Amino acid sequence: MATQGLRTIIVLSFILAIGFLLVILSAALWHNFLPLLVVATYIIAPLPNWICSQCGNPDDFIESSGSAVVDFGRFLTGFLVLMGIALPTVLAHSGAIQVPAMVMSILGGLLIYGTIISFSMFFREQEEF
């Protein structure tokens, strides 16, 4: 059981490293730092969801069906993930970066965000009643 958890952490770390490598190479190969902005959006993206989920349900005994704070956190997270995809697209369309740099930046950013979400799901505490 412990080896399965260790194997999962190693695989997720490897995927995270590939994501960062793609984003760094998208900036380094074409001598333009603008694709690195994607890293900031994908690292910041899970924060609103986490913060709002902590603030959303202060009472553990009452389960609320809908909370505006949690929904707002999900909206901000979705906005930041979409911005991580749209920002390189707009930069490539305007000619600020090359199209291959855009593709590498988007793929690397999606790998980074997917790994962050997988880490958070892997380390989520199991609630038992």
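In the predicted model, the axes of helices α2 and α5 come within 9 Å of each other and cross at roughly 20°, where axes are lines fitted to C-alpha atoms, for helices over the stretch in contact, and angles run from 0 to 180 degrees between N-to-C directions. Helix α2 is therefore roughly parallel to α5, given that angles under 35 degrees count as roughly parallel, over 145 as roughly antiparallel, 65 to 115 as roughly perpendicular and the rest as oblique. The helices are DSSP runs (H or I, at least four residues) numbered from the N terminus. Helix α2 passes α5 in a right-handed crossing, a term used if the near helix is turned clockwise from the far one by less than a right angle.

On the α2 side of this contact (heavy atoms within 4.5 Å), V38, V39, Y42 and I43 meet S105, G109, L110, I112, Y113 and I116 of α5. These residues divide into eight nonpolar, two polar and no charged; Ala, Val, Leu, Ile, Met, Phe, Trp, Tyr, Cys and Pro count as nonpolar, Asp, Glu, Lys and Arg as charged, and the others, Gly among them, as polar.

The structure holds one aromatic pair, defined for rings of Phe, Tyr and Trp (its six-membered ring) whose centres lie within 6.5 Å, with planes under 30 degrees apart counted as stacked, over 60 as edge-to-face and the rest as tilted. The ring centres of Y42 and Y113 are 6.0 Å apart and the ring planes stand at 45°, so the pair is tilted. Because Y42 lies in α2 (residues 37-44) and Y113 in α5, the pair ties together parts that are 71 residues apart in sequence.

Helix α4 (residues 68-94) packs against α5 (residues 99-122) at an angle of about 165°, with the axes 8 Å apart, and the two helices are therefore roughly antiparallel. Helix α4 passes α5 in a right-handed crossing. In this contact T77, V81, I85, P88, T89 and A92 of α4 meet M102, S105, I106, L110 and Y113 of α5, a set comprising eight nonpolar, three polar and no charged residues.

Helices α2 and α4 pack at about 170° with their axes 8 Å apart, and are therefore roughly antiparallel to each other. Here L37, V38, T41, Y42 and I44 of α2 meet L80, V81, M83, G84, I85, L87 and P88 of α4, and the residues divide into ten nonpolar, two polar and no charged.

An unreviewed UniProt entry annotates residues 9-27, 33-51, 72-91 and 97-123 as "transmembrane region", although such annotations may be inferred rather than shown by experiment. Over residues 33-51 the chain is 74% helix and 0% strand, with the end C-alpha atoms 30 Å apart, whereas residues 72-91 are 100% helix and 0% strand, with the end C-alpha atoms 28 Å apart.

Residues are numbered from 1 along each chain as its sequence is written, and side-chain values use heavy atoms, with hydrogens and water left out. Because the model is predicted, local features need pLDDT of at least 70 and side-chain atom pairs count only at pLDDT 80 or more, whereas totals for chains, interfaces and linings use all residues.
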